[in-house]
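Subject: Structure handover

Hello,

The structure we talked about is below. Please open it beside this email and follow the notes in order.

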Amino acid sequence: MHEAVIVSTARTAIGTAFKGTLTEMSAFDLGTRAVAEALGRSGVDPALVDDVVLGESLYGGGDIARYAAVNAGIVGVPGIAHNRHCASGLAAVQSAAASIRSGMDRVVIAGGVQSASTKPRARWRIPGTDEWDEDWLAYSHPETPDAPCRDMSITVGWNAAVQANLTREEMDAWALRSHQRAVAAIDAGSFAEEIFPIEVPRRDGTTVTFAVDEHPRRTTSLERLAALKPIHPEIEGFSITAGNASGVNDGAAAMVLADSGFAEKHGLEPLGVIRAWASVGVPPAETGLAPTIAIPKALERAGLTIGDIALWEINEAFASVAVATTRILGLDDTLVNVAGSGCSLGHPVAMTGSRMIITMVHELRRRSGA
């Protein structure tokens, strides 16, 4: 079997949706820039790229990966868009690695892109009902009282907290540490290798250079987090707040994956190897605990154990997910999300999975001296 290696990475800084720097930039523009940057950094001849795979979660149609390929100047390359909601960026990399490992492709650009700020809006009839909704295309499961389709603060965040018996104090403490770690990483220049600056046009005709994640808050504290009101005060004991949940964000990330033999032949330095992956389905009300099933499954496929892992990235769509997963699997929390995650950096849904891989690759190389 062929081996899939990462030979370059690139991501934008993460913007805060609706009021941040990337508010006017579409997902198509962000995706194009990430694809072009990752390809340029790789040194791979554009004529040798076999495919582009991008995660997307809000556009509901079209093929953002093919658009990005054409717009980036690699017209002869096809493209496919993957939607697995929060795991879309991971699914894109998984698909790319699978095609390389099978021997079907040699070079694939993969990643994810999200523009919550510019997502299109349209009214659609909800299947099986006489109701109309602007966002039903974002649904991933049928509506039930314990797992609302559009309110993940209940379906994912609160359910995970209840099922793992978490306190608000534990979730707030995790969120605070997420911000502290993200700010420390920014100040140390830890994201410099992964972020590429982009010139963002403004309505007044000027441009601004965007190169630093803008969502982390330097001044947050446990006191400030504790003062935030629960998202659903009408639910007894509900303790998910805007502070221990992720932000709504914009951004794009991409990486170039190659067959290890191709990389060696062309003098490309592997930054990392895609060893294994695993996706699982759980009852919608248990979505927040899905990592506790997926992680052991992926480890088994890779022939590894928890003790073999140097660093972990667990998506902080809600702090409860990371806290619950860490506790249930017995992970060392000092090794989880060491540069922050959704609560601090933000959660551009379809970008996040590929962003986590990119951050992990560079952090592991720093720690190994590579």
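Start with Gly73, which follows helix H2 and has a positive phi, near 95°. This is a predicted model, in which local features need pLDDT of at least 70, side-chain atom pairs count only at pLDDT 80 or more, and totals for chains, interfaces and linings use all residues. Residues are numbered from 1 along each chain as its sequence is written, and side-chain values use heavy atoms, with hydrogens and water left out.

Helix H2

H2 covers residues 64-71; helices (H or I, at least four residues) and strands (E, at least two) are DSSP runs, numbered from the N terminus. At the start of H2, the backbone nitrogen of Ala65 has a side-chain oxygen of Asp63 within 3.2 Å. This is a polar contact, meaning a pair of N or O atoms within 3.5 Å; within protein, one must be able to donate a hydrogen and the other to accept it, and residues adjacent in sequence count only if both atoms are side-chain atoms.

Which residues of H2 are buried? They are Ile64, Ala65, Ala68 and Ala69, where buried means under 20% relative accessible area, exposed over 50% and partly exposed in between (1.4 Å probe, protein chains only). These residues lie on the same side of H2, because they cover an arc of only 140° around the axis; the arc is that of the directions from the helix axis to the C-beta atoms. An α-helix has 3.6 residues a turn, so residues three or four places apart point the same way. The buried residues of H2 pack against helix H1 (27-42) and strands E3 (51-55), E4 (79-82) and E5 (107-115).

Thr155

Thr155 is part of helix H4 (residues 152-163). Is Thr155 buried or exposed? Thr155 is buried, at a relative accessible area of 1%. Beyond its neighbours within four places in sequence, Thr155 is in contact (heavy atoms within 4.5 Å) with His141, Asp146, Ala147, Pro148, Pro284, Ala285 and Thr287. A polar atom of the Thr155 side chain lies 2.6 Å from the backbone oxygen of Pro148. Between Thr155 and Ala65, which are 90 residues apart along the chain, the C-alpha atoms are separated by 30 Å.

Regards
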